[in-house]
Amino acid sequence: MDKVKFAIVGCGSIGRRHIAVVDAEPNATLTAISDINQNVLVEQSELYNNVPHYENYEDLLKTVDCDFVNICTPHYLHKEMTLKAISYGKNVLVEKPMALSVQDCEEMNNAAHKAGVKLYVVKQNRYNTPVRLLKQVLDTGRLGQVYMVKCDVLWNRYQGYYDESPWRGKKSLEGGALFTQVSHFIDLLVWWFGDVVDATAHLDTQSHQIEIEDCGNASIVFDSGTLGNITWTTSVYSKNYEGSITIIGEKGTIKIGGKYLNKIEYWDVEAWPLDTSIEYTDKPNLYGKYQGTSSNHPFVIEHIIQNFQQNSGEVVEGTEGIRSIKAIEMIYSRAKSIMK
Ligand SMILES: NC(=O)c1ccc[n+]([C@@H]2O[C@H](COP(=O)([O-])OP(=O)(O)OC[C@H]3O[C@@H](n4cnc5c(N)ncnc54)[C@H](O)[C@@H]3O)[C@@H](O)[C@H]2O)c1
């Protein structure tokens, strides 16, 4: 079978990871890269055998023969760039969050459908070992009724993380911490327990000079009837403390956590004792001064290749990716801001 041809737009923290992952994937070819930052662009091109590079991504779309365009630019560009790539007949893999509004996601899905191309969203946490195991337990009904779920994203982002970026911390460009730090967690919650049908929330900005919240708390209801609570912050002192989900079920209690859902912290399930001889811990993406979430991008690329070529693989298409944006939009729309 032919190798699948990828072009990467945006060579920042996560774009560089896409480039490395595509380059290492035996069934993929890296065909071109784009970034408006000339230094980063040339450096990345030289690192990867002088792969063709474009400062203007439209020039890439016009001239490069590729199956996929990976959109790895800031959130506010996801919709515009996805629509443009689709207009050139390209399939798209867009980084999370899919976009900054439900309406934008709908436009992206409609355009992909109309053009007959694929639109996938990066949700690499779905491949985390503890997450996969938990999904099996839920799918086989071993927890019985799930009463409650508690999600804690208690992380540190230093002020420079925002100051050194032209888009982070800005309301119109980043949207809020739910889109950036919490969207992976919300994706898992709606995947497991259904769409969010009700919410109340409070937001505050306690420790950063930014336009968005750095502390938030939401009480939510899923359409399965499960009650949920999400507590999130980027204000934890010094370093990431915890990224966890605790599930309270009729026949079991599970907490998956560590700093980024990479570890099983607690497991007490009547019909599924934990096999302790297995290693369940995943590794994080490292971005210089801060740690991100899990480093499972190779699985994302591997599975979309399978899906694209053989209609198999576990993937998140745009029609699924929109669900976490619906939940985020609902939480923000119900939130009371107590920002000074
Ligand atoms: N899946 C994950 O765990 C994960 C992790 C990190 C980031 N992300 C997502 O990836 C996206 C990018 O985040 P980041 O941390 O890499 O940001 P970043 O600021 O480090 O990188 C963004 C890059 O896009 C480039 N860019 C901006 N406008 C452009 C344009 N018009 N054409 C080409 N390039 C352009 C910038 O120059 C920069 O190099 C965000 O949406 C973020 O949520 C996902």
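**Reading the model step by step**

Tutor: Let's begin at the ligand: the largest share of the shell around it, 3 residues, comes from α1. Helices (H or I, at least four residues) and strands (E, at least two) are DSSP runs, numbered from the N terminus. This is a predicted model, where local features need pLDDT of at least 70 and side-chain atom pairs count only at pLDDT 80 or more, while totals for chains, interfaces and linings use all residues. Residues are numbered from 1 along each chain as its sequence is written.

Student: Which residues come nearest to the ligand?

Tutor: First, the idea: a residue is near a molecule or strand if its C-beta atom, placed from the backbone, lies within 6 Å of it. Here 26 residues are around the ligand, and Gly10, Gly12, Ser13, Ile14 and Glu95 come nearest. Two elements, α1 (13-24) and β15 (290-294), each supply at least two residues of the shell.

Student: How many residues of each class does the shell have?

Tutor: Ala, Val, Leu, Ile, Met, Phe, Trp, Tyr, Cys and Pro count as nonpolar, Asp, Glu, Lys and Arg as charged, and the others, Gly among them, as polar. By that scheme, the shell around the ligand has 10 nonpolar, 13 polar and 3 charged residues.

Student: What domains is the protein divided into?

Tutor: Domain bounds come from an automatic or database domain assignment. Here you get domain 1 (4-124) and domain 2 (126-292 + 318-337). Their centres, taken over C-alpha atoms, are separated by 26 Å. The ligand shell draws at least three residues from each of the two.

Student: How many residues of each domain are in contact with the other?

Tutor: Two residues are in contact if their C-beta atoms, placed from the backbone, lie within 7 Å. With that test, 21 residues of domain 1 are in contact with 20 residues of domain 2. On the domain 1 side, α1, α5 (102-115) and β6 (119-121) each supply at least two residues. The most come from α5, with 6 residues. That side divides into 12 nonpolar, 5 polar and 4 charged residues.

Student: Now the sheets, please. What should I look for?

Tutor: Strands of a sheet pair through backbone hydrogen bonds, either parallel or antiparallel. Now find the open sheet of 6 strands, with the order β3-β2-β1-β4-β5-β6 and parallel pairing. Its edge strands are β3 (53-54) and β6, each of which pairs on one side only.

Student: Which strands does β1 pair with, and over how many bridges?

Tutor: Strand β1 (residues 4-9) is joined to β2 (residues 28-34) by 6 bridges, and valine 9 stands opposite serine 34 in β2. With β4, β1 pairs over 4 bridges in the parallel sense; there, phenylalanine 6 stands opposite phenylalanine 68. From β4, 4 bridges lead on to the parallel strand β5 (residues 91-94), where valine 92 is the bridge partner of valine 69.

Student: Are the faces of β4 covered or uncovered?

Tutor: In a regular strand the side chains alternate between the two faces of the sheet. A residue is buried if 20 or more other C-beta atoms lie within 10 Å of its own, exposed if 12 or fewer, and partly exposed in between, with C-beta atoms placed from the backbone. Strand β4 (residues 68-71) is covered on both faces: Phe68 and Asn70 on one side and Val69 and Ile71 on the other are all buried.

Student: And for a helix, how many residues of α10 are buried?

Tutor: For α10 (residues 183-193), 9 of the 11 residues are buried, so the helix is largely enclosed by the rest of the structure. Among them are Ser183, His184 and Phe193. Just after α10, glycine 194 takes a positive phi of about 95 degrees.

Student: Why does serine 183 count as buried?

Tutor: Because serine 183 has 25 other C-beta atoms within 10 Å. Not counting residues up to four places away in sequence, serine 183 touches Lys96, Pro97, Leu178, Ser324 and Ile328. Serine 324 is 141 residues away in sequence, yet 6.7 Å away in space, C-alpha to C-alpha.

Methods:
Pairing = 2+ DSSP bridges.
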